[in-house]
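Welcome, and please take a moment to look over the sequence and the model.

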Amino acid sequence: MTDLLRVRDLQTRFFTQEGQVNAVEGVSLDVREGEVFGVVGESGSGKSVTALSLIDLVENPGRVTGGEIWLRDADLAAETREDHPDAVDGTFVDLLGLPDRVRRGLRGPTFGTVFQDPASSLNPSLTVGEQIAEAVEVQRRADANPRSVRSRTQGYGLAKFLVGGAVPGRGYLSEESETRAVELLEQVGIPDPAERATEYPHEYSGGMLQRALIAQALAGEPDLLIADEPTTALDVTIQAQILDLLADLQAETGMTILLITHNLGVIARMCDRVAVMYAGEVVERGTLSDVFERPVHPYTQGLLGSIPDLDSAGERLQPIAGNVPSLLDAEMDDRCYFADRCPKAMEACLEDPDERAAAGSADHAARCVLTAMDYGDSPPLPDDHFGNGSDGDSPEGRGTDGNGGRGTDDRTGGDR
Amino acid sequence: MVSDRTKRNLKAELRESALAKLGVALVVLVLFAAVFAPLLAPHDPTATDPKNASLPPLGFSTTENRTTSQMVDGEIQVVEEEVQVNATASHPLGTDSVGRDVLSRVLFGARTSLLVGILGTALAVALGVVVGLTAGYYRGRVDDGLMRVADVMLAFPSLVLAIALIGLWGRQSIAIPDPFVRLGLAPEMPESAVIPGTVVVVVALVNWVWFARVARGEALSIRSAEYVTAARSIGASDRTIIREHVLPNSVTPILVLATIQIAAIILLESALSFLGFSGANLSWGLDIAQGRDYLASSWWIATMPGIAIVLSVVGINLIGDWLRDALDPGVDQGEGGV
Amino acid sequence: MSLGRFLLRRGVQGILVVWGVVTVVFLLRFISPGDPVNFIAPLDASPELRRRIAEELGLNRPMYVQYAEYLAGLLRGDMGFSFLRGQEASAVVFARLPATIELAVAASVVAVVIAIPLGVISATRRHQPADYGATLFSLVGISTPNFWLGIMLILVAAVQFNLFPTSQRPVGFLEAVGHLVAIEFAGPSVAAPLDVRAFADTLGTWLWHITLPALTLGTYFTALITRLTRSGMLDELGKPYVDAARAKGLPETLVRYRHALRNTLIPVITVLGLQLGTLIGGAVITEAVFAWPGLGTLLISSINVRDWPLIQASLIVIGVSFVLLNIAVDALYASLDPRVDYE
């Protein structure tokens with residue numbers, strides 16, 4: 001299988017009033033065509049921001065400040081080679097080197113996105129059918145013109161909105177798009193789709209809404225479906241149905257799925273390969289069996305230890321002590337960010353660990369000193385090492401090295 | 001009734017918002033002008049001075065056609081000449097068509113506006129809160145009856161109703177002695193301040209409904225809150241519950257609404273004065289109405305009091321925004337300007 | 001509940017409110033000082049003449065009888081007779097109504113056309129000069145008394161630069177339309193229909209005269225709607241569905257207008273419904289500034305001479321229009337927001 005997407009050393013930062021927040025700090029991952037790739041982590045680990053960075057929807061005051069996002073798209077590469085030669089490498093295109101207009105055009109036909117909370121992800125005052133038809137229509141209109149001459153507004157503006165509100169049939173949508181929307185609703189298993197297309201989001205149940213959102217994401221026939229916590233807001237029985245739906249759709253269309261979740265059960269059920277994120281970094285990655293059966297990083301081990309396992313009933317679940325660290329640049333120092341919660345922390349952890357290959361498949365790697373040394377090679381840290389405000393004791397936080405964090409390149413050792 | 005947290009929010013918002021600071025500054029300025037008008041004003045605002053009529057404000061000059069008659073060779077000759085009229089420092093904002101000092105009238109006008117604004121709002125709050133709390137707390141028929149009355153009140157635009165009431169009832173006003181003049185501090189100023197009494201009553205009558213609505217809403221929501229049920233179960237009387245629980249919770253939204261209503265009532269008062277439906281002798285609206293007839297020759301007579309209205313109302317609206325942002329009560333704005 | 005039933009119910013409520021309005025207007029005469037006969041009878045009228053006038057007007061009968069007759073008259077479309085003008089009150093009022101409607105509609109059009117784009121620009125270019133300008137304009141706009149604004153417009157546009165007339169309404173909008181379509185209306189007769197040139201001329205004259213009054217009345221609403229649109233857009237643009245709309249590839253104009261603005265307009269319309277009274281009250285005073293021959297100037301002059309039938313008729317027409325406008329706003333609101341279950 002070939003790579004569809006190669007993310008290299010992605011950095012996304014938020015410049016807030018409290019200071020600079022390093023939400024995504026040097027993330028690298030490869031997503032292969034036709035696979036389900038899972039990103040797992042606690043809330044605040046940077047997994048959703050990573051997804052938003054891919055589709056260029058990081059909100060102010062956030063910005064992607066560094067890294068590369070290489071997408072394999074032969075047509076796009078051919079079209080952009082002339083204007084942006086630096087952003088093209090064979091059939092791959094670096095999205096961060098493209099103008100906003102082109103990146104916006106990728107939302108839909110390249111990236112389809114399903115967000116976490118279906119109830120608030122649809123506009124309450126438009127029918128579900130209209131909203132899906134919009135997603136169809138925007139592609140239909142875009143395809144009518146070559147990428148270079150596509151209109152930024154597609155001829156839609158304030159006047160059109162007001163006229164469309166007053167005169168039926170003079171709005172944005174075409175009849176073809178509305179028919180296609182009904183087909184899509186049928187495809188995601190909504191009964192009586194023609195009828196339900198005319199209903200508003202508040203008339204749908206949570207599971208139905210998520211199906212509708214998936215239909216909307218499918219409207220552009222995306223190469224990569226980004227599903228950001230697609231089941232979190234749903235109750236358990238509905239969760240299973242939605243996951244089944246995603247699996248069926250993938251089998252049918254062969255599309256690639258980037259599945260973001262905090263739920264290891266979902267990962268285990270769906271994914272081929274996994275990346276575990278913590279504090280804006282990928283701390284361990286590999287195939288499903290690498291990560292689930294031979295976890296190296298104590299954080300991954302801790303996560304796995306906190307899932308109930310029917311085979312070992314009676315054993316106590318082990319929560320990971322402590323909280324996700326602050327991602328404020330000023331409070332982050334050059335060390336393993338998990339060390340303060342790590343049961344195996346040792347003095348070697350006070351230096352930033354590189355990513356190293358670990359036992360298992362060729363993909364398996366972890367950002368932990370334990371991949372290279374045995375526990376005991378370095379003196380353990382005293383329990384109270386992080387106890388009294390050591391977070392702030394390093395005045396030189398990461399990323400203050402003057403070149404926007406480029407100096408951290410050496411940490412992405414496993415670059416193939 | 002004002003918690004420490006509320007005070008902190010108010011201070012934080014005031015520190016952060018330049019507009020809130022501007023609002024406070026403007027309102028302090030207008031209050032100062034209103035209170036100390038007799039000490040600040042350079043002239044008696046009611047004293048006419050035909051020799052110094054229609055003087056322009058400082059920095060401007062106008063021309064005026066004067067006819068004079070002279071005895072030349074035993075015959076009366078009428079001479080018409082164009083005279084340049086210059087501003088004088090003793091009338092910084094100029095004078096009106098009968099020579100009254102515009103600045104003094106603007107300063108004294110602040111008194112009428114603020115008095116009507118504050119008294120009218122206070123009366124409207126009293127009326128609205130009593131009706132609203134009663135309706136919301138007892139619900140049922142009392143509520144239905146009172147709210148239907150409110151609907152009918154709302155069916156008349158407030159200015160129209162006010163014009164009708166004042167036009168028909170007459171323009172009573174109350175003169176209260178000016179303390180500064182009594183104490184001999186400002187002997188040349190008018191002896192009493194005139195409050196247009198009918199106007200105060202009428203603006204309260206046309207605006208109480210907004211307060212009734214807010215108070216009713218608060219009473220309805222608090223009534224069903226669990227702690228009120230608990231208070232009732234231990235035998236608290238209706239009166240105690242209203243006083244101890246419902247009233248304190250309604251304070252914030254009513255305070256914010258009252259601020260905005262003071263601005264609205266100042267605008268309403270000026271409109272009534274402009275139309276001649278007031279009883280005040282010193283009012284910005286009245287001066288604008290008088291200046292309107294001299295627009296072509298003396299633009300400042302109508303312009304200056306208007307600027308005073310805009311500054312006061314901007315100031316009060318900014319304070320309203322500040323309170324709303326800091327206290328976040330989520331109230332309707334109510335009927336605004338004219 | 002369907003929209004039809006909703007409107008029916010609001011209609012019934014409206015009728016009750018109108019009945020209340022009529023009652024209040026009727027009672028107004030009894031709680032006002034002054035004998036209505038005084039304003040009709042000559043100063044030296046004998047007691048006998050005064051008695052006969054009172055009898056003629058039905059003023060000597062019990063109040064409830066007068067009330068019943070008044071209601072019955074209204075149901076027949078009879079609003080009384082203005083002795084001072086020697087005309088039916090309804091004829092006078094309805095002759096004045098078009099002028100007021102034109103003014104209110106023109107002001108609303110000015111407000112909507114300027115305010116919505118301004119609010120959107122202000123919200124989408126936050127903390128840029130355009131935003132500060134719009135914010136300042138809306139702050140001053142809601143704080144300026146419109147009679148003073150009108151006078152200032154007259155001072156600058158009419159007196160100084162002589163661009164617009166200071167007052168009067170020589171032609172009505174319907175007279176202009178009358179050049180295109182044959183319609184019956186009260187006013188001077190016009191040439192045969194389908195005279196495009198005459199239509200354009202008349203419309204031009206009408207526009208020329210209504211510009212300043214419409215700006216005067218419209219400024220407060222422009223400022224208010226700008227303010228509401230700005231804060232509403234800021235709210236909406238922060239909601240997840242906006243991101244979701246962008247994620248499906250919609251151009252920013254569609255996200256802004258088709259999605260965010262649509263939801264912004266829902267609360268804007270609610271507040272505007274509450275502000276209709278300000279529109280009508282503002283129209284009254286704008287008419288006074290520009291000598292615009294509408295209901296407002298009629299009401300003021302009738303109050304000054306205690307022409308009771310006209311006072312009552314204009315108050316009732318104002319009250320009824322207000323109730324109708326409110327129902328229209330509710331219907332508009334319901335059609336925009338699918339979540340309203342018409343309760």
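## How to read the model

This is a predicted model, in which local features need pLDDT of at least 70 and side-chain atom pairs count only at pLDDT 80 or more, while totals for chains, interfaces and linings use all residues. Residues are numbered from 1 along each chain as its sequence is written, chains are lettered from A and ligands numbered from 1 in the order in which they are written, and side-chain values use heavy atoms, with hydrogens and water left out.

## Chain A at a glance

Let us begin with chain A, whose secondary structure comes to 12 helices and 13 strands. Helices (H or I, at least four residues) and strands (E, at least two) are DSSP runs, numbered from the N terminus. Of the 416 residues in chain A, 53% are buried. Here buried means under 20% relative accessible area, exposed means over 50%, and partly exposed lies in between (1.4 Å probe, protein chains only).

A contact means heavy atoms within 4.5 Å. Among the contacts in chain A with a separation of 6 or more, 69% are between residues 24 or more positions apart.

## A covered helix

Which parts of chain A cover the buried residues of H12(A)? They include helix H10 (264–270), strand S10 (273–278), strand S11 (281–287) and helix H11 (288–293). Helix H12 itself spans residues 298–305 of chain A, and six of its eight residues are buried. These are Pro298(A), Tyr299(A), Thr300(A), Gly302(A), Leu303(A) and Leu304(A).

Thr300(A) has a relative accessible area of 2%, which is buried. Setting aside neighbours within four places in sequence, Thr300(A) is in contact with Val276(A), Glu284(A), Val291(A) and Pro295(A). Its neighbour Tyr299(A) belongs to an aromatic cluster with Tyr278(A) and Phe338(A).

## Charged pairs

Side chains of opposite charge can pair when their charged atoms come close. A salt bridge here is a side-chain nitrogen of Lys or Arg within 4 Å of a carboxyl oxygen of Asp or Glu. A search of the whole structure gives 35 of them over all chains. One joins Glu229(A) and Lys47(A), with the closest N and O atoms 3.5 Å apart. This pair links distant parts of the chain, 182 residues apart: Glu229(A) is in the loop between strand S8 (224–228) and helix H9 (236–253), and Lys47(A) is in helix H1 (residues 47–54). Glu229(A) is buried at 6% relative accessible area, and Lys47(A) is buried at 5%.

Arg141(A) and Glu137(A) form another salt bridge, at 2.8 Å between the closest N and O atoms. They are four residues apart in helix H4 (residues 128–143) of chain A, so about one helical turn separates them. Arg141(A) is partly exposed at 24%, whereas Glu137(A) is buried at 0%. There is also a network of salt bridges linking Asp3(A), Arg6(A), Arg32(A), Glu35(A), Arg273(A) and Asp363(A).

## Rings and their partners

Rings of Phe, Tyr and Trp (its six-membered ring) pair if their centres lie within 6.5 Å; planes under 30 degrees apart count as stacked, over 60 as edge-to-face and the rest as tilted. This rule gives 12 aromatic pairs over all chains. In one of them, Phe32(B) and Phe36(B) have ring centres 5.0 Å apart and planes at 55 degrees, so the pair is tilted. Phe32(B) is partly exposed at 45% relative accessibility, and Phe36(B) is partly exposed at 30%.

Charges can sit over rings too, meaning that NZ of Lys or CZ of Arg is within 6 Å of the ring centre and within 35 degrees of the ring normal. Arg6(A) lies over the face of Phe92(A), 4.5 Å from the ring centre. The charged end of Arg196(A) sits over the ring of Tyr204(A), at 4.6 Å from its centre. Arg196(A) also meets Glu199(A) in a salt bridge (2.9 Å, N to O), and both of these residues are buried.

## Cysteines without bonds

How many disulfides does the structure hold over all chains? The number is zero, where a disulfide is a pair of cysteine sulfur atoms within 2.5 Å. The sulfur of Cys342(A) has its closest cysteine sulfur in Cys349(A), 5.9 Å away, which is too far for a bond.

## Where chains A and C meet

Chain A and chain C bury about 2800 Å² between them, 63% of it on carbon and sulfur atoms. Buried area is the accessible area (1.4 Å probe) that two parts lose on being put together, summed over both. The contact takes 34 residues from chain A and 25 residues from chain C. Three salt bridges are found across this interface. Lys248(C) and Glu134(A) also meet through their side chains in a salt bridge (3.1 Å, N to O).
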